[in-house]
Amino acid sequence: MRILVTASSKHGATAEIADAIAGHLAEHGYDVLRKNPQDVTSLDGVDAVVCGSAVYMMTWMEQAHDFMDRFASELEGIPVWAFSVGMNGVPAHVPQDPSRIGPVLTKVKAIEHRVFPGRYIPSLLNLRERTIVRLAGAVEGDFRDWDVIEEWSRTIAETLSDVSQ
Ligand SMILES: Cc1cc2nc3c(=O)[nH]c(=O)nc-3n(C[C@H](O)[C@H](O)[C@H](O)COP(=O)(O)O)c2cc1C
C-alpha cells in the first residue's frame, strides 16, 4: 500500500513533522512517497494521503490549499489524514478552531485533522514575521512533541492495516 505524505512549510518545522510521519509509516512497512504539495502531479497508485500545512495568518499555506483543490475528487475516494502546525506560544497550546484554517477541510473529508504545536525561533524569521508573532503573544521555543507525532502515525498505520484486510 502506497501512502503520500505531503506538507507545506515555510521555515521547516512542518516539513520535519511530515518527514517524521513518513519515517514512522515506512517503519510500519508502507511504501511512502514524501513530496511537497506543489510537486505532486498525480495520485495514480496512491492508496492514502497524509496532507499537512503550517498555519500562517489563520490559514494553510497556498501550496497545501492548491493540492487539496487540484485533487479534491481523487481524495474523495481514498483515506485522507490532515494536520496543521501552528499555535506555538498560545497558552497551553489551545487548538485553534479547525474551521478557521480555511475552506480546505470542508472540501476534502479527512478521517482526522490533527493540530500540532510548531515552533517559534525568532532568528529563523524576518523582521515582519517576528513582529507579527511577538504581537500575537507567542512564546519562543520548539513545541513539537515527537512522541505525539509518532503515536498519531501509528494510529494511521493501524487504521490502514485494518481497511486493507
Ligand atoms: C507571520 C506568522 C504568522 C503566523 N500565524 C499563525 C496563525 O495564524 N495561527 C497559528 O496557529 N500559528 C501561526 N504562526 C505560527 C506558525 O504556524 C509556526 O511557527 C509553525 O511552526 C511554522 O511552521 P513552518 O516552520 O513549517 O513554516 C505564525 C507564524 C508566523 C511567523
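In this predicted model, the buried residues of helix α1 are Ala 13, Thr 14, Ile 17, Ala 18, Ile 21, Ala 22, His 24 and Leu 25. The helix runs over residues 13-27. Just after α1 comes Gly 29, with a positive phi of about 95 degrees.

Now step back to the whole chain. The protein chain has six helices and eight strands. Read along the sequence, they follow the pattern β-α-β-β-β-α-α-β-α-β-β-α-β-α. Of the 165 residues, 33% count as buried. Take the contacts in the chain with a separation of 6 or more. Residues 24 or more positions apart account for 78% of them.

What lies at the centre of the packing analysis? The largest nonpolar core has 35 residues. Within this core, Val 5, Leu 25, Val 50 and Cys 51 have the most contacts. Six elements each supply at least two of the core residues: β1 (2-8), α1, β3, α2 (62-70), β5 and α6 (146-163).

Leaving aside residues up to four places away in sequence, Val 5 touches Ala 18, Ile 21, Ala 22, Leu 25, Val 32, Arg 34 and Val 50. Several of these names have come up already: Ala 18, Ile 21, Ala 22 and Leu 25 are among the buried residues of α1.

Next, look at Leu 4, which sits in strand β1.

Gln 63 belongs to helix α2. With 17 other C-beta atoms within 10 Å, Gln 63 is partly exposed. Gln 63 touches Ser 8, Asn 36, Pro 37 and Gln 38, not counting residues up to four places away in sequence. Asp 39 is 24 residues from Gln 63 in sequence and 9.5 Å away in space, C-alpha to C-alpha.

Turn to α6. Its buried residues are Trp 152, Ser 153, Ile 156, Ala 157 and Leu 160. Seen down the helix axis, they fall within an arc of 140 degrees, so they line one face of α6. What do the buried residues of α6 pack against? Their partners are α1, β3, β5 and β6 (112-117). On the other side of α6, Asp 147, Val 148, Glu 151, Glu 158 and Asp 162 are exposed. The length of α6 also fits: at 1.5 Å a residue, its 18 residues should span 26 Å, and its end C-alpha atoms are 26 Å apart.

Finally, find the ligand. There are 24 residues around it, and Ser 9, Ala 13, Thr 14, Gly 86 and Gly 118 come nearest. Which elements build the shell? At least two residues each come from α1, β3 (48-56), β5 (80-86), β7 (119-120) and α5 (127-135). By type, the shell divides into 13 nonpolar, eight polar and three charged residues.

Technical notes
Residues are numbered from 1 along each chain as its sequence is written. This is a predicted model: local features need pLDDT of at least 70, side-chain atom pairs count only at pLDDT 80 or more; totals for chains, interfaces and linings use all residues. A residue is near a molecule or strand if its C-beta atom, placed from the backbone, lies within 6 Å of it. Helices (H or I, at least four residues) and strands (E, at least two) are DSSP runs, numbered from the N terminus. Ala, Val, Leu, Ile, Met, Phe, Trp, Tyr, Cys and Pro count as nonpolar, Asp, Glu, Lys and Arg as charged, and the others, Gly among them, as polar. A nonpolar core is a set of buried Ala, Val, Leu, Ile, Met, Phe, Trp, Tyr and Cys residues joined through C-beta atoms within 7 Å. A residue is buried if 20 or more other C-beta atoms lie within 10 Å of its own, exposed if 12 or fewer, and partly exposed in between; C-beta atoms are placed from the backbone. Two residues are in contact if their C-beta atoms, placed from the backbone, lie within 7 Å. The expected span of a helix is 1.5 Å times one less than its number of residues. The arc is that of the directions from the helix axis to the C-beta atoms.
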